Amino acid sequence: MELEDFLFDLEEELGEIISLEERSPGVYHIGVDQGELFLQEYFAVLDTAPVAAKVRNYGKKMDGLRLFAQADDSSGWRIVQYEVSKYNIAVQRKPVPEAAFRDASLHAVELHPEYFGMFPVPFHTPQGCTLYHRTLANGIYWLETSMCKELLAVCHPIWNAELSFAARMLCEEPVKLIAALQENAADYMFFSKEASSIPIFELMKLRGEWEGTVIDCHALMNAIWECLPQYALHVNGERNPEFESAIAALMPEIGPNALPEPHGDRMVYMYPEAGTEFLLLK
């Protein structure tokens, strides 16, 4: 069976198919016009495809195939992308750029630890070796080191996607960070206990379940005011040209993404009675 045998059903389900490309035997990338500004992208995996058995628990089941929407991170489309790359390297002997294969697998690990396993806990840190860790999320760890230091460790796919440049510059090795950003080579960022409040605040944007279970938000906000009050003022909408210029000057190409955009729903308040001990898992 070829994908052409299912085109009628697919267009009934999705809309007009504008582009179609076979990525590996039985695996197709398709672009669909759904009346939006950009084409909606999907992977279609035939039941007869060599990788079909590995992705059968993901995507949407249709007669003879599975459908994976790239707009839905939970659909499993990154697993399809990873398996296609692996098949093309191992079986088809096709050249696949190492960086693209690495990036595909790293982002898939973040979203699907049940398939790939967890990101490894970093052993070497700027403050000694890891002796003990607590998992805040896959790829986000609270560490205690051989130098009696507490550190927040955030893996590359997460810090690269979720942390502002201002938050990144609070890491333990900012000079090395700038070089790593240019080479896209830093696997983990490490933040001291004192500087971790700001990256945790930004990470919580996608992890509301941390509130009250992992993080005491009132204490976290107090810690932000203590760590970098200019950041709190910026988040609250009080523009500080000197602070903004100082951050942007560290890496001009970052531009407007150097600082997070102020957002009325995520103000940083003060709670004098809450203290600054924000981690609830300790």
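**Notes on rings and sheet**

1. Ring pairs join Tyr58, Tyr82, Tyr115 and Phe116 into a cluster. Please keep in mind that this is a predicted model. Five aromatic pairs are found in the structure. For Tyr82 and Phe116, the ring centres are 4.9 Å apart and the planes stand at 80°, so this pair is edge-to-face. Tyr82 belongs to helix 2 and Phe116 to helix 4 (residues 113-116), so the pair ties together parts 34 residues apart in sequence. Tyr82 is buried, at 15% relative accessible area, whereas Phe116 is partly exposed, at 24%.

2. Another edge-to-face pair is made by Trp142 and Phe278, with 6.4 Å from centre to centre and 90° between the planes. Trp142 sits in strand 8 (residues 140-145) and Phe278 in the segment after helix 11 (241-250), so parts 136 residues apart in sequence are tied together. Buried or exposed, Trp142? Trp142 is buried, with a relative accessible area of 3%, and Phe278 is buried at 6%.

3. Five strands make an open, antiparallel sheet in the order 1-2-3-5-4. Strand 1 (16-24) and strand 4 (60-62) each have a single partner strand, so one side of each lacks a neighbour in the sheet. On average, neighbouring strands are turned by 25° against each other, direction ignored.

4. Strand 3 (residues 40-46) and strand 5 (residues 65-69) pair over five bridges, with Leu65 as the bridge partner of Leu46. Helix 2 (residues 77-90) packs on the sheet, touching strands 1, 2, 3 and 5, and its direction makes about 40° with that of strand 1.

Key: Residues numbered from 1 in each chain as written. Predicted model: local features only at pLDDT ≥ 70, side-chain atom pairs only at ≥ 80, totals over all residues. Heavy atoms only, no water. Pairing = 2+ DSSP bridges. Helix = DSSP H or I, 4+ residues; strand = E, 2+ residues; numbered from the N terminus. Axes fitted to C-alpha atoms, helices over the stretch in contact; angles between N-to-C directions. Contact = heavy atoms within 4.5 Å. Phe/Tyr/Trp six-rings, centres within 6.5 Å; stacked < 30°, edge-to-face > 60°. Buried < 20%, exposed > 50% of the residue type's maximum accessible area, 1.4 Å probe, protein only.
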